[in-house]
Amino acid sequence: METEQTPTPNTATSDTNSTCEYLDAEGDSEHETGDLYQEADADAEQQHHQGHNIISEAVSGQTNKDLTTSVESLALSTSTSAKTEDSVSTNAVEEDLDDYQHDSVWRGQKKHIFILSEAGKPIYSLHGNEDKLAALFGVIQVLVSIVQRDQDGIISIHAGGIKFAFMHRNSLILVAASRTNMSIQQLQLQLSDVYYQILSLLTHSHLSKTFERRKNFDLRRSLAGSERLIFNLLANDSSNARVSSNIFTFLTNSIRVFPLPTAVRSNIISAIQSNCSKVKDLVFAVLIADNKLIALVRMKKYSIHPSDLRLIFNLIECTESFKNSPHWLPICLPKFNMNGFWHAHISYLTNDCPACLLLISVDKNASDIMQSVKMRITEKLERSQCLQAINEELQEPHNAKLYQQMLSMPELRHFLYKPKATAQLLFPMLRHPYKTLSEFERLEAIYCSLLHRIHNQSRPLKLIYELRDREVILAWVTATYELYAVFESIVDKATVIKYVDKLIKWIEKEYDVYFIRNHATF
Amino acid sequence: MSQVLQRVEITLRSFYVFNSSLSQKEGEERKKVLYYYPTEVVEYTKINDVGLSEGIIKFIGTFTNEDDCKALHTQKTTQLFYQPEPGFWLVLVLNVPKELKLKDRIEVAEYRGGEVSDRIYRAVLRQCYQMYRFQHGPMQARLTANLAEENQQREQQREKLSLELHQFYDKYLLSFRDLASCDIMDMLHSIQYLALEKRIFLRAHNFCKLCGDTFAGIRDCIMLYNQEQIICGGKLNASDLYSLHAYIQAVPKGADPGEDGAFVEKVTPPRVFLDLDNCIAPFYLLIYRALNITLCLFVDVAPQPEFYEELHAYMGPQLISLARDIADEVSKRTAANLGESGSNDASSTSPKYLFINEQSLKHHTNIFRHGKNNQKSIPRNVMSIIADLANPIEENCTQTTPATEELQVKATNDFWVVKRRCNWRQYYVILCKSKATLLDVTQEAKRIFEQELTDDVFFDK
């Protein structure tokens, strides 16, 4: 059994490790099985196609099983014909790669992600048409297999100005190229997020079986329509010319909590508990707003790994159609059980409250029950003014109390605070100067390098204090928290220490507004 | 949970030199492999390994024009790449440290590639080339035959170069010192200078300059103390000086010159290649010893016997007297230092410092002051942290303005490293204080900076 399944008081054990978790992500046992799971076996294929269509097309409830099976058999025949075509047109393919090689925009991208099968079949490329990159995928496949011949594996390649991280798992080869400050470990964490995203769509066992049957299978057909989920995971950082705080949760392997007064949050939790406790086969209830966690209520002995939660956030963030109507779809939480599907009822609470509720059940026929549970929870939250409280917070451009606090420390530009006991992260809104892309890139680079040095596997650090041209930066890891802070460059050391003290005291006082200590059970 | 049964440190797996342009036809792949260690490996493996390196270089070429592949990391190895001359690649393949552990009664090997610092071993690789070039000159200079026509001559030249590489590297790799203990000093290629009082330093300096002025054939003159510490470095660039320093240490002491100075080798003085005024040219190296002083003279043409005699007559008496005065000064300093810092200086908890001048590559440190055997006084992780923090000194320093930085880190074993960098100089202070605060450490480091930076050795004279 997985460590994540330990009851709450011990979540510390799994969470403390979570920052370094990506370092040994490889070590995940492949045969973990939750008792509650149904094995994705005989009808797994159909399930996943269902899930898939629903997720990708986001059409409601039912799907035509006959249609999906016929698509599958059609796919079979095209794959064989595609193969013969390939062998004829290798020259053309190489010319295509030449196209990209001379395409300075493509070459100069700050980040590339390539996914291919062990047989060298293109699956995904963040930039450019992966078909046109077939020659490059071929080279990657050859390099990986040459090194594998010595019972070894490529981890990374380093060159002037660019580095590559490799990951080879379960018939998939994932490669990240980066021109940013991101370390190999951070790139690998990103690759593992993408890998888990794929597992979440297909499950591990389905993936293995597919490639066992046909080494040359074109996985793009199974992933069609879900590229946006992969893209959104990868477009988290500034490489996509976007100023987005999502990168911080990814870098720290954590999630954000929706700030709420303690009383409101406990009202919400008890509303969920009272309506869910008697519902059979309900495993998790997750309430999310604005990409932040409002509440997570779980069955005893079960908990969700932060990386699985990030996949849930990603799914909600990417799927507009959840706003229109409730959905019922299969979902695999790979850190929990990479081989089975659960079923999620996903819906926004009301038309005026953009909080999204997921009810995750073992029973694939529980759609109607979940819908009524959701209605009852919503009613109760409405009556107890909780929806209003959520809306009030959502209407603010940023959390008012945190903003106040920041104003009282003018030289503190930004910080990340992560309690060791939970994989949750607190940080303030981006302020001047980090609102422009180029400055934000610098901030991102600062955090990448701080986190990399603090969590360096072979020589970790407890503290970094650095005076740079444009800012003063501090990283501090204690027994209870991790703090990373960025100050104006003119600040002196005594002020830094004073502010850090003040900030820590304030967070400790307001802890329950910004963090969830223990996830309640039904 | 798990117990370490055995730890295997970094070891050399292979080292090779290749040039892809040397094999134009299929079936002639072996021709591009100019050197491969271990020599006894079957050709098939050599060609495959070179093939993988070529593949990696080509792969990178898809994304960048810079042709600047630096390293490949696999679970079991770290492979460093270096292209010192267009087309010529040197690759150093290391087995990463390995720990055999007992997990649930099963023996598992854990590879600890993260402990290998690329920067340090890339510098080691760079020195592999520099040492070769110092003794044999650039590789490309050996392959002068025209590509199209003189096929046979070309092949002869290739074979000759390959032979030369074999003769050199078979010996050089044997002398590879314990790879696991390579550290920041190996990375920066810096050299400790002898601390001398200003007046006596000027005497030594003037002596070197006068030698060059008096004898037209002498291009440069370097003076060392005990074959180890540099007294004056002449015009040599930092990298050649480092190679010379390494070379001199390997030269046998020769017969004791007694009360007189003497040349170590007069019949066939070694030829070395120096990069003077951006042009790599051969020179004859004459080594002269007088007491503790070793004098290295570089001359353009092979000297005649009369030249040696003239030089000996000129230098002998002056150098002997200088050597005596320097020896006096050194013993005085050592006594003073011992009295001042007491005997606990070598313990791991006393403050340590390291100052490096990035331009001259002089360093000044108390880390190795009590002999190299004591260097374990600083834990490995701290040495690696310094290597992470250090600004690498690459062959082509492209930065125009030196950055100013100040940085403090605390390792998990309570060692603090304080770094300052300004004006092309890097300063490190290493303290072991678990209870100290950020401000305490700042104070303490400041005190050490002020105390040690007055040392005139570190400033340009």
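Student: In the hairpin of β18(B) and β19(B), which residue takes a positive phi?

Tutor: This is a predicted model, and in it β18(B) and β19(B) pair in the antiparallel sense over six bridges. Within that pairing, the bridge partner of B:Lys410 is B:Trp416 in β19(B). Three residues lie between the two strands of the hairpin, and the one with a positive phi, near 70°, is B:Asp414.

Student: And in the hairpin that β19(B) forms with β20(B), which residue in the turn has a positive phi?

Tutor: Strand β20 of chain B, residues 425–432, pairs with β19(B) in the antiparallel sense over eight bridges. B:Cys422 stands opposite B:Arg425 of β20(B), and two residues lie between the strands of this hairpin. The turn residue with a positive phi, of about 50°, is B:Asn423.

Student: Why is β19(B) described as largely enclosed by the rest of the structure?

Tutor: Strand β19 of chain B spans residues 415–422, and a residue counts as buried if 20 or more other C-beta atoms lie within 10 Å of its own. The strand is largely enclosed by the rest of the structure because, of its eight residues, the number that are buried is seven.

Student: Which element supplies the largest share of the side of chain B that touches chain A?

Tutor: In the contact between the chains, 39 residues of chain B meet 35 residues of chain A. Elements of chain B that each supply at least two residues to this side include α1 (43–61), β4 (69–74) and α9 (438–452). By class, the side has 15 nonpolar, 14 polar and 10 charged residues. The largest share, seven residues, comes from β18(B).

Student: Which residue of β4(B) does A:His158 stand opposite?

Tutor: Strand β4 of chain A, residues 154–159, is joined to β4(B) by five bridges, and the two strands run antiparallel. In β4(B), the residue opposite A:His158 is B:Ala71.

Student: How many residues of domain 1 of chain A are in contact with domain 3 of chain A?

Tutor: Chain A is divided into domain 1 (23–243), domain 2 (256–395) and domain 3 (400–514). On domain 3 of chain A, 11 residues take part in the contact with domain 1. By class, the side of domain 1 that touches domain 3 has four nonpolar, six polar and one charged residues. The number on domain 1 of chain A is 11.

Student: How far apart do the end C-alpha atoms of residues 411–510 of chain A lie?

Tutor: An unreviewed UniProt entry annotates residues 411–510 of chain A as "domain: FUZ/MON1/HPS1 third Longin". That span is 35% helix and 32% strand, and its end C-alpha atoms are separated by 22 Å.

Conventions
Residues numbered from 1 in each chain as written. Chains lettered and ligands numbered in written order. Predicted model: local features only at pLDDT ≥ 70, side-chain atom pairs only at ≥ 80, totals over all residues. UniProt positions renumbered as here; feature names shortened; annotations may be inferred. Helix = DSSP H or I, 4+ residues; strand = E, 2+ residues; numbered from the N terminus. Contact = placed C-beta atoms within 7 Å. Nonpolar A, V, L, I, M, F, W, Y, C, P; charged D, E, K, R; others polar. Pairing = 2+ DSSP bridges. Domains from an automatic or database assignment. Buried ≥ 20, exposed ≤ 12 C-beta atoms within 10 Å, placed from the backbone.
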